[in-house]
Amino acid sequence: MCDPVADDIAAVARIDAVPKILEVVCRLTGMRFAAVARVTPERWIACAVRDEIEFGLVAGGELELASTICAEIRQSGQAVVIDHVAKSVAFRDHHTPRQYGLQSYISTPIYHRGEFFGTLCAIDPAPAQLHSIQALQTFELFADLIGSHLDAQARLARSEAALLTERQTSELREQF
């Protein structure tokens with residue numbers, strides 16, 4: 001039986017640039033945890049992780065969807081940037097930062113085949129100056145890059161399947 005989420009994790013793992021993207025995200029923001037997450041209507045699954053804060057999440061690990069801000073991003077399609085949770089009117093009382101002990105957060109949607117796939121996100125228990133370094137534009141660029149790679153992989157898989165079918169058809173013609 002095919003597990004679409006396992007396929008999605010494998011697809012992200014095949015993108016050679018993802019570990020470097022997560023490293024750059026951490027260096028750019030000063031944040032110490034970054035991930036590519038697959039976010040479905042029911043689940044939040046880490047596809048790739050860079051963890052310098054010992055958050056304890058690895059690729060394939062899951063968080064309860066309702067405990068994440070990514071669930072809200074999935075609904076709105078809008079990125080979220082929080083420099084300092086304690087000073088944010090919108091997020092200082094939000095359950096996610098409180099549950100995970102976060103003070104800074106940034107996440108932007110990733111689209112695959114024109115549909116919401118998940119998020120590129122970073123968190124840290126310390127505040128970060130995300131607005132001042134215009135981190136959102138970089139996150140959006142990286143999310144677009146990841147989505148483009150996922151799209152290219154899907155096109156390649158379809159092309160390979162069509163080629164295999166054509167070869168099999170050709171072999172049958174030759175037999176007759």
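Accessible areas here come from the Shrake-Rupley method with a 1.4 Å probe, and for residues only the protein chains shown count as cover. The structure is a predicted model, in which local features need pLDDT of at least 70 and side-chain atom pairs count only at pLDDT 80 or more, while totals for chains, interfaces and linings use all residues. Residues are numbered from 1 along each chain as its sequence is written, and side-chain values use heavy atoms, with hydrogens and water left out.

**Exercise 1. Describe the chain as a whole: its surface, its extent and the order of its elements.**

Step 1. The accessible surface of the chain comes to about 9,800 Å², and 53% of that area belongs to carbon and sulfur atoms. Of the 176 residues, 41% count as buried, where buried means under 20% relative accessible area, exposed means over 50%, and partly exposed lies in between (1.4 Å probe, protein chains only).

Step 2. Along its principal axes, the C-alpha trace spans about 75 × 30 × 30 Å.

Step 3. Helices (H or I, at least four residues) and strands (E, at least two) are DSSP runs, numbered from the N terminus. The chain holds five helices and six strands, and their order from the N terminus on is α-α-β-β-β-α-β-α-β-β-α.

Step 4. Contact means heavy atoms within 4.5 Å; among the contacts in the chain with a separation of 6 or more, 57% are accounted for by residues 24 or more positions apart.

**Exercise 2. Determine which residues of helix 1 are buried, and where they lie around its axis.**

Step 1. In helix 1 (residues 4-13), the buried residues include Val5, Asp8, Ile9, Ala11 and Val12.

Step 2. These residues cover an arc of only 160° around the axis, and therefore lie on the same side of helix 1. The arc is that of the directions from the helix axis to the C-beta atoms.

**Exercise 3. Work out which elements build the largest nonpolar core.**

Step 1. A nonpolar core is a set of buried Ala, Val, Leu, Ile, Met, Phe, Trp, Tyr and Cys residues joined through side-chain atoms within 4.5 Å. The largest such core has 29 residues, and those with the most contacts inside it are Val12, Val18, Val25, Val36, Leu120 and Ile146.

Step 2. At least two residues of this core are supplied by each of helix 1, helix 2, strand 1 (33-39), strand 2 (44-51), strand 5 (104-112), strand 6 (115-124) and helix 5 (135-175). Helix 5 gives the most to this core, with six residues.

Step 3. Apart from this core lies another, of 22 residues, among them Ala46, Leu65, Cys70 and Phe91.

Step 4. As background, in soluble globular proteins nonpolar side chains tend to be buried together.

**Exercise 4. Identify salt bridges and say which parts of the chain they join.**

Step 1. A salt bridge is a side-chain nitrogen of Lys or Arg within 4 Å of a carboxyl oxygen of Asp or Glu, and by this rule the count comes to six.

Step 2. Glu23 forms one with Lys20, the closest N and O atoms being 3.3 Å apart. Because Glu23 and Lys20 are three residues apart in helix 2, about one helical turn separates them. Glu23 is partly exposed at 27% relative accessibility, and Lys20 is partly exposed at 49%.

Step 3. Glu52 and Arg27 meet through their side chains in a salt bridge (3.1 Å, N to O). This pair links distant parts of the chain, with Glu52 in the loop between strand 2 and strand 3 (62-63) and Arg27 in helix 2, 25 residues apart. Arg27, Arg50 and Glu52 are linked in a network of salt bridges.

Step 4. Arg43 pairs with Glu62, with the closest N and O atoms 2.4 Å apart. Here too distant parts of the chain are linked, since Arg43 is in the loop between strand 1 and strand 2 and Glu62 is in strand 3, 19 residues apart. Arg43 has a relative accessible area of 31%, and Glu62 has one of 40%.
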